[in-house]
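Here are my notes on the model you sent over. Have it open beside you as you go through the points.

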Amino acid sequence: MLIFLDLETTGLDIGDKICSIGIIGVLKGETVSIYELVNEGKKISAKASSINHITNEMLKDKPPLKESRAWKFLHEHNQEYATIIAHNINFDLNMLESAGFTWHGKTVDTLRVTKHLIPECEGFSLQFLRYELRLYKQEQKEALKYALHERDLMPHNSLSDALHVKLLYDCLAQIKEHDMLVELSQKNVLMQKFDFGKYSGRYIEEISMCDRGYLEWMLLNIVDLDEDLKYTLKRYLHG
């Protein structure tokens, strides 16, 4: 069972909760799609609403996550034979963990695997890869399989994002087999370039030689630094 997952949340601060969950499940040619809004008793911030277009009024009468179809589905398939596939999967697993769900199956992180297998990409966000890898060419045909309307093919719609995770996975699976994607998801990536900040587009190794202090500053001051970028900075600073 392959479970393509995306979550939307009430915000990104400690204490924020899941407010939307999108799932595409695939097993031996059979498919299932789930899209739900859930109310975990946490108001959604205006900033989060501006991104995912979910409002407190939309959540008002929705059930809590533990009463959702998605929760039941995840529990039914929480076995070693199943793989959850998500973009930046640690975020999703941590949010599920905070809601009381611990995943016991395999995982594939399409963000990390793309960094491993297609390092020449200028960016690695799901929406950037949607266009960089031309995933959009298949999205309308694939969307029909999962009752996803064309009008809902938009960033931060959790089912739409789950679909794009599937399309990205299909692309990566043409390069490496599933078991290797699982393995790569556990390995840190030595990143090549900065994709933000004053040195965006520059090679990290180059900056480590001409502005070592900038790398040290990043490690000390950026709290939510990407795990692979943190690994890369430490490698270039300390070997």
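1. A definition to start: two strands pair if DSSP finds at least two bridges between them. Helices (H or I, at least four residues) and strands (E, at least two) are DSSP runs, numbered from the N terminus. Bear in mind that this is a predicted model, where local features need pLDDT of at least 70, side-chain atom pairs count only at pLDDT 80 or more, and totals for chains, interfaces and linings use all residues. Residues are numbered from 1 along each chain as its sequence is written, and side-chain values use heavy atoms, with hydrogens and water left out.

2. The sheet. Five strands make an open sheet, ordered S3-S2-S1-S4-S5, with mixed pairing. S3 and strand S5 (106-109) sit at the edges with a single partner strand each, so one side of each has no neighbour in the sheet. From one strand to the next, the twist averages 20°.

3. Two pairings to look at. Strand S2 (residues 18-27) and strand S3 (residues 30-37) are antiparallel, with eight bridges; Ser20, for instance, has Leu37 in S3 as its bridge partner. S2 and S3 form a hairpin with two residues between them, and Lys28 in the turn has a positive phi of about 50°. Strand S4 (residues 83-86) and S5 run parallel and are joined by four bridges, with Thr83 bridged to Lys106 in S5.

4. Helices on the sheet. Helix H4 (residues 89-98) lies across strand S1 (2-9), S2, S4 and S5, at about 75° to S1. Helix H5 (residues 110-117) lies across S4 and S5, at about 55° to S5. For these angles, axes are lines fitted to C-alpha atoms (for helices, over the stretch in contact), and angles run from 0 to 180 degrees between N-to-C directions.

5. H7 against H8. Helix H7 (residues 136-145) and helix H8 (residues 158-172) pack at about 120°, their axes 10 Å apart. H7 and H8 are therefore oblique (under 35 degrees is roughly parallel, over 145 roughly antiparallel, 65 to 115 roughly perpendicular, the rest oblique). The contact (heavy atoms within 4.5 Å) involves Gln138, Glu139, Glu142 and Ala143 of H7 with Leu163, His164, Lys166 and Leu167 of H8. By class, the contact of H7 with H8 has three nonpolar, two polar and three charged residues; Ala, Val, Leu, Ile, Met, Phe, Trp, Tyr, Cys and Pro count as nonpolar, Asp, Glu, Lys and Arg as charged, and the others, Gly among them, as polar.

6. H11 against H12. Helix H11 (residues 212-221) and helix H12 (residues 227-238) pack at about 140°, with axes 10 Å apart, and are therefore oblique to each other. Residues in this contact include Leu215 and Leu219 of H11 and Leu233 and Leu237 of H12. The contact of H11 with H12 divides into seven nonpolar, one polar and four charged residues.

7. Most residues other than glycine have a negative phi. Arg134, in the loop between helix H6 (126-132) and H7, has a positive phi of about 60°. Ala147, in the loop between H7 and H8, has a positive phi of about 55°.
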